[in-house]
Amino acid sequence: MDRWDLMNKLFNETGAKITFGLNALMGRMVSKDDDSLMLGEWDPKNALDFMKYTASKGYKIDSYELGNELCGSGVSKRVKAEQYGRDIIVLKKLVQELYPDPFTQPKVLGPAGFYDKQWFNVFLQTSGPHVVDGLTHHIYNLGAGVDPSLINKIQDPNFLDQIAQTYKDISGSIKSYGPWSRAWVGEAGGAYNSGGKYVSHSFVDGFWYLDQLGMTSAFNHKVFCRQSLIGGNYGLLDTTTFIPNPDYYGALLWHRLMGPRVLYASHNGTPYLRVYSHCSKKTTGISLLAINMSNSTMFDVLVTDDSNSNPQEADQREEYHLTPKDGNILSDVLLLNGKALEVTEGYDIPAMNPQVVDASSPLKVAPRSIVFVTLRGFKAPACAL
């Protein structure tokens with residue numbers, strides 16, 4: 001367990017929240033009639049030994065997740081929904097015994113795979129009330145990383161909209177069969193098989209990634225786990241230098257600016273302009289995300305409330321304009337308000353300061369750009385609750 005001890009040292013130093021995935025195939029056997037189907041009950045002994053050690057060391061675990069991509073038709077193996085539901089009940093009981101304090105008790109997650117409506121519904125019905133805290137599903141809606149049309153898919157708003165039905169259906173499953181649970185995207189890398197070699201670590205991937213953060217929030221998803229921090233072409237950090245790729249900075253701005261309360265945002269323009277809005281995270285008012293996928297059109301955006309009036313008490317607007325170096329959407333170098341974001345000599349994240357403008361002027365969203373905006377003092381009624 002030496003490596004686990006070292007990892008927890010890192011987790012403590014960085015304040016990371018940890019979800020640990022448990023092997024859900026222990027104790028099962030392959031069906032004689034279907035070599036993709038795994039039969040039998042889950043054997044929790046190995047997981048229990050690990051969890052006992054972890055609890056005895058006082059290591060903080062946010063959640064335990066059972067299995068990986070075994071739901072529905074599975075990826076290489078699968079388990080029937082009824083059996084998986086019974087198995088996760090076993091896991092829940094173990095967690096409750098090892099962590100009796102409800103305030104520090106890790107959450108229980110599953111099934112960690114691609115959404116299949118019938119399978120997920122039966123899984124929730126079988127596991128029953130207050131067992132599954134997070135209903136986790138995986139998203140790779142861009143297809144294979146080797147697809148030569150990958151870069152076109154990322155810039156096609158109609159293609160990106162297709163995944164919204166899955167998010168809607170997940171929310172429907174929870175409402176009907178598991179209202180005690182919360183929807184999580186437990187793994188998402190855009191394109192599977194390590195992502196696109198020239199695409200997934202570049203500026204253009206932010207069109208997909210940040211759009212997904214906005215879309216899942218609008219469909220009441222509580223967590224979005226990006227694949228990956230390090231590894232593959234879709235890593236947030238370069239696998240050799242550990243220098244942040246553009247999506248890292250996009251995620252950081254989302255984390256700093258967008259609060260947990262989601263607002264309804266709409267516009268009457270082209271679908272190539274995507275707009276999302278939340279209550280601001282650390283100040284009064286609201287924060288916006290605007291994504292311009294058009295390669296030629298500049299958008300002037302005026303922000304109004306439901307009564308179509310001008311922003312109240314929002315004298316100034318803080319803007320964070322993200323663009324690629326030299327206008328190349330395949331660049332790994334991200335510009336913030338025209339200045340390249342580069343780590344310091346000590347490998348610290350650079351200052352990410354906004355440009356402050358008059359809030360009465362239109363927000364200008366350049367072609368192929370991403371803009372975060374904070375309107376301090378904007379009185380959205382939902383943010384006052």
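Start by selecting F20: at 23% relative accessibility it is partly exposed, a label for anything between buried (under 20% relative accessible area) and exposed (over 50%), using a 1.4 Å probe and protein chains only. What you have open is a predicted model, where local features need pLDDT of at least 70, side-chain atom pairs count only at pLDDT 80 or more, and totals for chains, interfaces and linings use all residues. Residues are numbered from 1 along each chain as its sequence is written, and side-chain values use heavy atoms, with hydrogens and water left out.

Rings of Phe, Tyr and Trp (its six-membered ring) pair if their centres lie within 6.5 Å; planes under 30 degrees apart are stacked, over 60 edge-to-face, and the rest tilted. That rule gives 17 aromatic pairs here. The F20 and F50 ring centres are 4.3 Å apart with planes at 25 degrees, so this pair is stacked. F20 belongs to strand β1 (residues 19-22) and F50 to helix α2 (residues 45-56), so the pair ties together parts 30 residues apart in sequence. Helices (H or I, at least four residues) and strands (E, at least two) are DSSP runs, numbered from the N terminus.

Next, jump to Y248 and Y249, an edge-to-face pair with 5.7 Å between centres and 90 degrees between planes. Y248 is partly exposed at 22%, while Y249 is buried at 2%.

Last stop: R226 lies over the face of Y209, 4.5 Å from the ring centre. To count, NZ of Lys or CZ of Arg must be within 6 Å of the ring centre and within 35 degrees of the ring normal.
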